[in-house]
Amino acid sequence: MATLCLDTATQHGVVVVAREGGLAASSRWRSSGRHGENLFGHIETAMSEAGVTRVDLSMIGASIGPGGFTSLRVGLATAKGLALGLDLPIVGVSSLRVLARSIDGSEDTVRIPLMNAYRGDLFAAAYRMRSGSVDVLVEPFYGAPPDVFTSIRDAIGNAPVGFRGEGVEPHRSLIESAFGVAPERDDSVAGPAPIALLDEVRLVSSTEGPADLATLEPSYLRPSDAQLPRQPLRTEHSS
């Protein structure tokens with residue numbers, strides 16, 4: 001049997017098709033806000049390369065956020081539609097944990113994913129990845145970059161660190177000042193790694209089980225800018 005995993009939380013889309021023995025095929029691309037146009041093409045290509053058809057699938061995995069409002073909904077709606085149509089269990093995973101799992105390092109390394117939260121803010125967290133478990137050192141949160149880096153540094157002290165995500169390059173000087181290290185200059189470390197997505201889906205599946213399809217929703221972390229009016233809107237007909 002096979003697993004199909006999707007991540008559209010960032011500007012980088014990821015599709016993974018895995019068999020029981022491990023990753024069979026994957027696709028990672030820079031979508032630039034066009035996940036809705038190209039996601040299905042990458043799914044079809046990855047499944048074809050893996051030699052997997054819909055009847056071979058036994059589980060769907062998907063990142064549920066935080067991330068871009070539209071991009072998250074595209075990926076999760078696709079995953080939920082496939083799970084419903086094929087009558088398969090679905091596993092939702094944190095996009096920050098997937099990004100953290102993409103960071104190279106030992107078990108002592110504090111892995112800090114940094115995602116664009118828009119309006120000048122960052123989504124961030126801090127983890128240590130253990131064999132078969134995750135130590136959460138700083139819960140996912142968002143804020144202005146200087147506040148984010150100060151909060152994480154205060155929480156982890158002088159532990160060795162690694163960074164990944166679209167929030168790294170724009171704030172390189174702040175990171176160096178706060179942590180005393182220079183992040184890699186490589187666009188390939190901006191998005192999640194396919195194997196990290198697969199590993200996180202399998203970990204959550206084994207430790208927490210599948211999600212409830214009806215109630216699984218994106219985790220945006222920050223409240224929406226859209227607000228309902230306090231008073232119901234009234235319409236008047238012109239004479």
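**Reading helices, burial and backbone angles in a predicted model**

User: Where is Pro66 placed?

Analyst: Pro66 sits in the loop between strand 4 and helix 2; helices (H or I, at least four residues) and strands (E, at least two) are DSSP runs, numbered from the N terminus. This is a predicted model, in which local features need pLDDT of at least 70 and side-chain atom pairs count only at pLDDT 80 or more, while totals for chains, interfaces and linings use all residues. Residues are numbered from 1 along each chain as its sequence is written, and side-chain values use heavy atoms, with hydrogens and water left out.

User: Which peptide bond is cis, and what is its omega?

Analyst: The bond from Gly65 to Pro66 is cis, with omega near 5°.

User: What span does helix 1 reach, and what is expected?

Analyst: The expected span of a helix is 1.5 Å times one less than its number of residues. Helix 1, residues 35-50, has 16 residues and reaches 21 Å from first C-alpha to last, close to the expected 22 Å. Just after helix 1 comes Gly51, with a positive phi of about 70°.

User: Which residues of helix 1 are buried?

Analyst: Buried means under 20% relative accessible area, exposed over 50%, and partly exposed in between (1.4 Å probe, protein chains only). In helix 1 the buried residues are His35, Leu39, Ile43, Ala46, Met47 and Ala50. Viewed down the axis of helix 1, these buried residues fall within an arc of 95°, so they line one face of the helix; the arc is that of the directions from the helix axis to the C-beta atoms. The face turned away from the buried side carries the exposed residues Glu37, Glu44, Ser48 and Glu49.

User: What covers the buried residues of helix 1?

Analyst: Contact means heavy atoms within 4.5 Å. The cover includes strand 1 (2-7), strand 2 (12-19), strand 3 (22-30), strand 4 (57-65) and helix 2 (69-86).

User: How do I read the packing of helix 1 and helix 2?

Analyst: Two packed helices are described by the angle between their axes and the distance between the axes. Axes are lines fitted to C-alpha atoms, for helices over the stretch in contact, and angles run from 0 to 180 degrees between N-to-C directions. Helix 1 and helix 2 pack at about 35°, with axes 10 Å apart. From helix 1, His35, Gly36, Leu39, Phe40 and Ile43 meet Ser71, Val74, Gly75 and Thr78 of helix 2.

User: What is the phi of Asp87, and what is that of Tyr118?

Analyst: Asp87 has a phi near 55°, a positive value in a residue other than glycine. Asp87 lies in the loop between helix 2 and strand 5 (90-94) and is exposed, with a relative accessible area of 70%. Tyr118, also a residue other than glycine, has a positive phi near 65°. Tyr118 is found in strand 6 (residues 110-118) and counts as partly exposed at 40% relative accessibility.
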